[in-house]
Protein chains: 2
Amino acid sequence: MSKTFELLQPYLDKDMALNTALTLLSWDMETLAPSGGMDYTAKAVGVLALESFNTLINEDVNSLLTKLETPDEQAGLDEVEKAIVKKLRKNYNDLKVIPAEEFKAYSELQATASNVWAQAKEKNDYNHFAPVLKKLIDFQRKFIGYRYQGEGNRYDVLLDDYEPGFTVEILDKFFNEVKETIIPLVQKVSANKDKVDNSFNYRTYNIEKQKEFCHFMAEYIGFDFNRGVIAESAHPFTTNLHNHDVRITNHFLENNLESAIFSVIHETGHALYEMQIDDRLTQTVLGSGTSMGAHESQSRFFENNIAKSTDFWLPVYPKLQEAFKEELKDVSLEDFIKGINQSTNSLIRTEADELTYCLHILIRYEIEKMMFNNEVEVEELPEIWNKKYEEYLGIRPETDSEGVLQDIHWACGNYGYFASYAIGSAVAAQIYAHMNKVMPVEQYLREGNLTPVREFLKENIHKYGMLKKTNELLKDMMGEELNAKYFTDYLTEKFTKLYELN
Amino acid sequence: MSKTFELLQPYLDKDMALNTALTLLSWDMETLAPSGGMDYTAKAVGVLALESFNTLINEDVNSLLTKLETPDEQAGLDEVEKAIVKKLRKNYNDLKVIPAEEFKAYSELQATASNVWAQAKEKNDYNHFAPVLKKLIDFQRKFIGYRYQGEGNRYDVLLDDYEPGFTVEILDKFFNEVKETIIPLVQKVSANKDKVDNSFNYRTYNIEKQKEFCHFMAEYIGFDFNRGVIAESAHPFTTNLHNHDVRITNHFLENNLESAIFSVIHETGHALYEMQIDDRLTQTVLGSGTSMGAHESQSRFFENNIAKSTDFWLPVYPKLQEAFKEELKDVSLEDFIKGINQSTNSLIRTEADELTYCLHILIRYEIEKMMFNNEVEVEELPEIWNKKYEEYLGIRPETDSEGVLQDIHWACGNYGYFASYAIGSAVAAQIYAHMNKVMPVEQYLREGNLTPVREFLKENIHKYGMLKKTNELLKDMMGEELNAKYFTDYLTEKFTKLYELN
């Protein structure tokens, strides 16, 4: 190993250890910790988070990086070490340009903002949140000013935090194609909505039986319980200490069968990504999914492309019917598949189906782009939001709680994040199209054999961790970067058939 | 706040935060973490443990402490700050005298020793463990050499790690009294063993019902679920992140009713201590029980003095009978109380009852004392062990696995620890005797009202954390330090009555 890189190692180890601890603390607070202890534990978390920040963002690390960036030193580094240096440099530059006091003031604002947002949402009072939102956006605009290199759209700076390589130029093109194809398709589906019935989903389903089935489902898809655990939390999520300890949560509703089943499939998709990252990369700064969108592509691939198909359910549906003999006795496999694929124009993003989801994202993308190009002010947001819902989905929120106040993201300072959800769906469709060319996916599903699917994802995506960006993964896999056509074709074909639109 | 103390604060905060993380990681590894991830997580734990060690044991902290120890600075400190300085100084001195390389070599030896011990115990092969044990003891003998101040017994150095203030002089006196009273008592009980039957305990008890009852029992005694959680693990234990997040575990056996019930009561005793420590002390180096023995006194107080009495079970036994209608229908409250108090001479410490337990400890105390006064060598330990069991308990181990190899303590480097278990039982009996003088304990128990008992312990013991040592707590509570007579009288009276020895 390079001597200079050896000097960097203790900083990397400390960063890894602190992040392991912070991840576990956060998992514990979501799943198990007693409510009365949160404030005390938060104090420890605050100290560790600051310690973690200071571990890699300091002059000693900067000097080591500068040295490691010289051609002589680069020659002595392997592929992984080079990528680590690059990644640390990016983090360092992104954070170092922001004046310490501003960062502190912003962090303090952020710490209180989600509370204010929650109150505003509960009271349906946008004006309660607006002043905080304005301050958050002003901070972000200022930070963009420090980070903007003079080329491209200013919003690119934020998109880059979640989806490296994806700019407004690329995404405008992507969303325009989505818009042109999906809006008319959604309108047609909407006009034919009576063709699909999913009322069976809202019968009463015993929660213990749901849990048992979901456990089976996670294992069926490939969740390795020797390297992971499942717990419960208010909102399902995936986290990991490293590639040998990956954790998902689920939640259960007595009157909604789909909810827990597709949540566990979604989270298992995320979990497989983390479990299949190469051992060389885990516990390094490259040891997780390469971007928010790439991660979401894996969860949605399993949730939608795989697990909403007839082939997938052929070997599994009898087991579900066995668990819910009475409840599902009059629901044929065909009815079930139609039901779980039902599409409805709704106001709430998190409840949206596979088809309409991207329109919810489109709206947020367009609004954020305006926000950071100074084309909209905070007071105007509710009206713009409602207009876009009317225009794209044909429904208009009656309250801000089910409109502009519905998502927590802006309160958490997550700007530029939303686009990744749509990128995830599109990448999933593209991988699915390619996979069908190179292997008999449908046959494997009918045989209940998901191993080839998992292995393909491991070899082409998972194992690389952050060594490759999303578009590099796609290009190396199939010779083509993200192309909206795979996504729009997939949705068009699927929903045309489902709703008998021809 | 003193300016110098303010400079110390960031070190204290960091130490607190790292210990919170290490506690949670350890809890998680015992209760939930997937087995396949342990080696990876251990790497993070190692880094954090070293970081934690270095946080308080360094020249900067030493200088601050030296300054804070001057009369001028002391004048500006409050009671808690003074105690923190004193505690940090003790830790610093204890650790600083040991050469870094020796400490490292010892830590490495320790890390592998418990595995070797486990193999030796499984194979009943003392010679497999003996060389490692010899090395561990040699290290400890050397460390004593660095720490010994020239006065008192050399073994005092180790006793002080677990039970500050308790020396060989004090404990020899204590154990002699125990020996003189308890050995003849045990012999009499043994001769009358047919008078007590606890066969009902080994019937089949549904585990879900056991869980439900144990949850109720924890709450009944005072476990606050808003500030704590209960999980399962192989061996029950208590841990805490701070006084608002205290966690206990339990384990369940289908064919042993007592096991889970008295485990949860025992751990709840530990938990109440941690939950009732003053808010000023939690998240400081003084923020937990003052010694191993003081802690054990609280768990045993509830497990034995309180929860093995007829008064305690009067309001609760009907609920247990309700849960196990068939299993307990022929077991009267009187039979039940007799059964849970049964005493049997056995070879294994962890299975020992309230009466014989202290003899198991006596044996270990005498052996360790010889060990660190160079009066015994590793090869001789099995024979000495077996002889003492024959002499004190009238039974001789047939294998080393159920003899000298039974405990993990020596493999973990815990020398001087065992005595605390006996101190705990004796302190519990002394508190119980005093409490009966100042309040109608039995009446409260019959009324199902444990609040006055908890409040008394809070005001006299718990709230002080490490501000007072064990003997100070006793002296301030009742004007008298530890006195074996309370313990021997309690056992004599109880077992004379139970086994009708008069």
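Entry 1: I began with Glu69(B), which is partly exposed at 32% relative accessibility. I use "buried" for a relative accessible area under 20%, "exposed" for over 50% and "partly exposed" for values in between, with a 1.4 Å probe and protein chains only. I note that this is a predicted model, in which local features need pLDDT of at least 70 and side-chain atom pairs count only at pLDDT 80 or more, while totals for chains, interfaces and linings use all residues. Residues are numbered from 1 along each chain as its sequence is written, chains are lettered from A and ligands numbered from 1 in the order in which they are written, and side-chain values use heavy atoms, with hydrogens and water left out.

Which residue pairs with Glu69(B) in a salt bridge? I found Arg89(B), at 2.7 Å from N to O. Glu69(B) lies in the loop between helix H3 (59-68) and helix H4 (71-75) of chain B and Arg89(B) in helix H5 (residues 79-96) of chain B, so the pair ties together parts that are 20 residues apart in sequence. Arg89(B) is buried, at 14% relative accessible area. The rule for a salt bridge asks for a side-chain nitrogen of Lys or Arg within 4 Å of a carboxyl oxygen of Asp or Glu. Helices (H or I, at least four residues) and strands (E, at least two) are DSSP runs, numbered from the N terminus.

**Entry 2: other salt bridges.** I looked up the total and found 70 salt bridges over all chains. In general, side chains of opposite charge can pair when their charged atoms come close.

Glu208(B) forms a salt bridge with Lys211(B), with 3.7 Å between the closest N and O atoms. Both residues lie in helix H10 (residues 207-221) of chain B, three residues apart, about one turn of the helix. Lys211(B) is partly exposed at 28% relative accessibility.

Arg300(B) and Glu296(B) form a salt bridge as well, the closest N and O atoms being 3.0 Å apart. Because they are four residues apart in helix H12 of chain B, about one helical turn separates them. Are Arg300(B) and Glu296(B) buried or exposed? I found both to be buried. In chain A, salt bridges that share partners join Lys90(A), Asp94(A), Arg147(A), Asp160(A) and Asp161(A) into one network.

**Entry 3: how the two chains are related.** I superposed the copies by least squares on the C-alpha atoms of residues with pLDDT of at least 70 in both. A rotation of 180° with 0.1 Å of shift along its axis places chain A on chain B, with an RMSD of 0.0 Å. The two copies are thus related as by a two-fold rotation axis. Of the residues of chain A, Ala21(A) comes closest to this axis, its C-alpha at 2.8 Å. Both copies use the same surface, as 100% of the contact residues of chain A recur in chain B.

**Entry 4: the interface.** How many residues of chain A are in contact with chain B? I recorded 38 residues of chain A against 38 residues of chain B, where contact means heavy atoms within 4.5 Å. The area buried between the chains is about 3000 Å², and carbon and sulfur atoms give 67% of this. Leu24(A), Pro34(A) and Tyr40(A) supply 20% of the area that chain A buries against chain B, more than any other three residues. Buried area is the accessible area (1.4 Å probe) that two parts lose on being put together, summed over both.

Four salt bridges cross this interface. I looked up Lys14(B) with Glu51(A), whose salt bridge has its closest N and O atoms 3.2 Å apart. The elements giving two or more residues to the side of chain A that touches chain B are helix H1 (3-31), helix H2 (38-56), strand E1 (228-232), strand E2 (238-242) and strand E3 (245-250) of chain A. H1(A) provides the largest share of that side, 11 residues.

**Entry 5: single residues.** Asn304(B), in helix H12 of chain B, is buried at 7% relative accessibility. Leaving aside residues up to four places away in sequence, Asn304(B) touches Glu354(B), Tyr490(B) and Lys494(B).

Thr239(B) is in strand E2 (residues 238-242) of chain B and is buried, with a relative accessible area of 16%.

Last, I noted Gln283(B), whose phi is near 65°, a positive value in a residue other than glycine. Gln283(B) lies in the loop between helix H11 (257-275) and helix H12 (292-306) of chain B.
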